[in-house]
Amino acid sequence: MSCISRYDRKVVIQSLAGTADAHGFIDNTAASNWATYESAYCSVESTGGREFWKNVNVDADISHIWRCQYSKKLGVATPDMRLVENEIVYEIVSVEDVDLAHREIEIRTRRAV
């Protein structure tokens, strides 16, 4: 199986881009306040909802791990962004360059509430 064929899920990474109100707040619950940052094809693995990295002090629940081909733009995505696949929204917990090899990006997410 080629490396490319396993990336069978099209996802959209979105960044908050709405207009702030008088207090500087942007409503992140309104879909209209999100803009496409990047699109990619990924593979996905469900973790069953709980994964803890106690040794690096990250205690967030991880529900899915997405892997996609490396790109500079995806490599600098942040947890302030979100991932959307088939209209399901996931909060980004972390984005990592796998083995710092610039070949694959791993995006860890949890299902948005």
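Start by selecting Ile-92. Leaving aside neighbours within four places in sequence, Ile-92 is in contact (heavy atoms within 4.5 Å) with Ile-13, Thr-78, Pro-79, Met-81, Arg-82, Leu-83, Ile-107, Arg-108 and Thr-109.

A note on the model: it is predicted, local features need pLDDT of at least 70, side-chain atom pairs count only at pLDDT 80 or more, and totals for chains, interfaces and linings use all residues. Residues are numbered from 1 along each chain as its sequence is written, and side-chain values use heavy atoms, without hydrogens or water.

Next, the core. A nonpolar core is a set of buried (under 20% relative accessible area, 1.4 Å probe, protein chains only) Ala, Val, Leu, Ile, Met, Phe, Trp, Tyr and Cys residues joined through side-chain atoms within 4.5 Å. The largest one has 16 residues. Select Ile-13, Trp-66, Cys-68, Leu-83, Ile-92 and Ile-107, which have the most contacts inside it. Strands 1 (9-16), 2, 3 (64-69), 5 (88-97) and 6 (104-111) each supply at least two of its residues; strands are DSSP runs of E, at least two residues, numbered from the N terminus.

Now go to Ser-43 in strand 2 (residues 34-46). Is Ser-43 buried or exposed? Ser-43 is buried, with a relative accessible area of 15%. Beyond four places in sequence, Ser-43 touches Arg-6, Tyr-7, Asp-8, Ile-65, Trp-66 and Arg-67.

Last stop: the lining of the largest pocket. Select Asn-28, Thr-29, Trp-34, Pro-79, Asp-80, Met-81, Arg-82, Val-89, Glu-91, Ile-92, Ala-112 and Val-113. On a 1 Å grid over the protein atoms alone, a pocket is an open set of points where a 1.4 Å probe fits, with protein on both sides within 12 Å along at least five of seven lines; lining residues have an atom within 4 Å of a point. Strand 5 gives the most to this lining, with three residues.

Key:
Helices (H or I, at least four residues) and strands (E, at least two) are DSSP runs, numbered from the N terminus. Buried means under 20% relative accessible area, exposed over 50%, partly exposed in between (1.4 Å probe, protein chains only).
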